[in-house]
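User: I'm new to this one and would like a friendly walk through it. Could we go step by step?

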Amino acid sequence: MEGNIDYYYWKTAYDLIVKKNYRVATMSPSHNEIWLESPGRSPKRVVRLVRHDFDWMNRLKTDLAQIPEKVERVRRLIRAGKIEADNIYFSRFEPVDHQQEVLEAYNQPDRRTPLYHTLVTMDSNPADVGIRKPLSSIDYPSSYEGMDLEIDRLKYAALLRAKEQNEQDRAVFDNAKPLLAYMFIFLQVVMFFILEQAGGSTNPYVLIEYGAKYNPLIIEGEWWRLITPIFLHIGILHLLMNSLALYFLGPLVERIYGRFRFLLIYLTAGFTGSVMSFLFTESISAGASGAIFGLFGALLYFGIRKPGLFFRTMGANVLVIILINLVFGFSIPGIDNAGHIGGLLGGFLTAGAAALPKSRSNAGIQLIFALGVIIVSGAALFLGYP
């Protein structure tokens, strides 16, 4: 039975977006071209839906030739690694000079990004023209009476769901207006000037007096030296680097986790960074680096919980920055890598214990993460004390 091509188009979009939870990567203003990405992790599937009537094959060939470049742009847009792509045309009729082998010649299943093309017309059921799963499982009707109202319903529902998905993404980054991150920056700047007035922020005696990490005094019972180093910095360059890192990273983590969780993550990561430094290095140390690496750890946990959103927004950049910092840390002498790694681990575990706001969390899993913080810190302290 001859179908309604607009129904085919919006039924496919509806099933992918509403039922299969595909996301709209990009969409034309007229809604006649929609790029969708599959949920979940790599390899992702990208589906391009096009509603256009092709009268001649030349116009179709021109579009086909442009698809690989467009697919690559969308891959970068969604920040995905390996993907596979389906390009599906919905046209009322086949082009006058249509040749199926021409369309098939543009299929590229063996390339780095596998690419498949399909043409759906009013004379064909989409489930019977070679569309691969999960598209082939879409249920198309045998009767097309009252299709106009049904098309409007499907279109409205698909676009509404796409809007809701975008709003849910934005809500993840709106759990708190940044405040504590800026307060910590202000506090460490104030402490820097206090150190300078007291004799210099690079003076080891001044640093020890104001609470830097100094193993002999920690062993004697001055345990607060595992916290106070977070707010002290050695020299103006050290202060500027950590203040800039906190300025760009802190508000993001505070927006995602909210103020209380941010405070817990920041201070706990600073503590675990100091504890690891206490275990592995004898030198005097200070700085917010461990706490800042803890914020990276919190973002890594966020990436595990919401991988799609993580890699669409920040994922690759976060991983590259962590790797660069660790490589530089091991390449340049004098950098407290133990504190950095301890902070990264502490931030990750604390984020898991606190869980993401407004998300389903397993109390047992949270308890495991909390125990992880306690075990790691406790073991380091036990091993560090003579």
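Predicted model: local features only at pLDDT ≥ 70, side-chain atom pairs only at ≥ 80, totals over all residues.

User: Let's start with the rings. How many aromatic pairs are there?

Analyst: Rings of Phe, Tyr and Trp pair up if their centres lie within 6.5 Å. Going by that rule, the count of aromatic pairs is 18.

User: Take Phe184 and Tyr266. Is that pair stacked or edge-to-face?

Analyst: Planes under 30 degrees apart count as stacked, and planes over 60 as edge-to-face. For Phe184 and Tyr266, the ring centres are 4.5 Å apart and the planes sit at 20 degrees, so the pair is stacked.

User: Where in the chain do those two residues come from, and how many residues apart are they?

Analyst: Phe184 is in helix H5 (residues 180–198), while Tyr266 belongs to helix H8 (residues 236–280). Both are buried. The pair ties together distant parts of the chain, with a separation of 82 residues.

User: Which residues form one aromatic cluster with Phe184 and Tyr266?

Analyst: The cluster has Phe184 and Tyr266 in it.

User: What about Tyr247 and Phe248: how are their rings arranged?

Analyst: Their centres are 5.2 Å apart, with 85 degrees between the planes. Tyr247 has 44% relative accessibility, so Tyr247 counts as partly exposed. Phe248, at 61%, counts as exposed. As for the ring arrangement, the Tyr247 and Phe248 pair is edge-to-face.

User: Which residue has its charged end over the ring of Tyr14?

Analyst: The distance from that charged end to the centre of the Tyr14 ring is 5.5 Å. The residue sitting over the ring is Arg153.

User: Is Gln165 buried or exposed?

Analyst: Gln165 is found in helix H4 (residues 147–172). The cut-off for buried is under 20% relative accessible area. Gln165 comes in at 2%, so Gln165 counts as buried.

User: Which side chain does Gln165 join through a polar contact of 3.4 Å?

Analyst: Leaving aside residues up to four places away in sequence, Gln165 touches Ile17, Asn21, Tyr22, Arg23 and Val24. The side chain joined to Gln165 by the 3.4 Å polar contact is that of Asn21.

User: Last one: at what angle do H8 and H12 cross?

Analyst: H12 spans residues 337–354, and its axis comes within 7 Å of the H8 axis. The contact includes Tyr257, Leu264 and Phe280 of H8, and among the H12 residues are Gly339, Gly343 and Gly347. The crossing is right-handed.

Methods
Residues numbered from 1 in each chain as written. Heavy atoms only, no water. Phe/Tyr/Trp six-rings, centres within 6.5 Å; stacked < 30°, edge-to-face > 60°. Helix = DSSP H or I, 4+ residues; strand = E, 2+ residues; numbered from the N terminus. Buried < 20%, exposed > 50% of the residue type's maximum accessible area, 1.4 Å probe, protein only. Lys NZ or Arg CZ within 6 Å of the ring centre and 35° of its normal. Polar contact = N/O pair within 3.5 Å; in protein donor to acceptor, adjacent residues only side chain to side chain. Contact = heavy atoms within 4.5 Å. Axes fitted to C-alpha atoms, helices over the stretch in contact; angles between N-to-C directions. Left-handed = near helix turned anticlockwise from the far one by under 90°.
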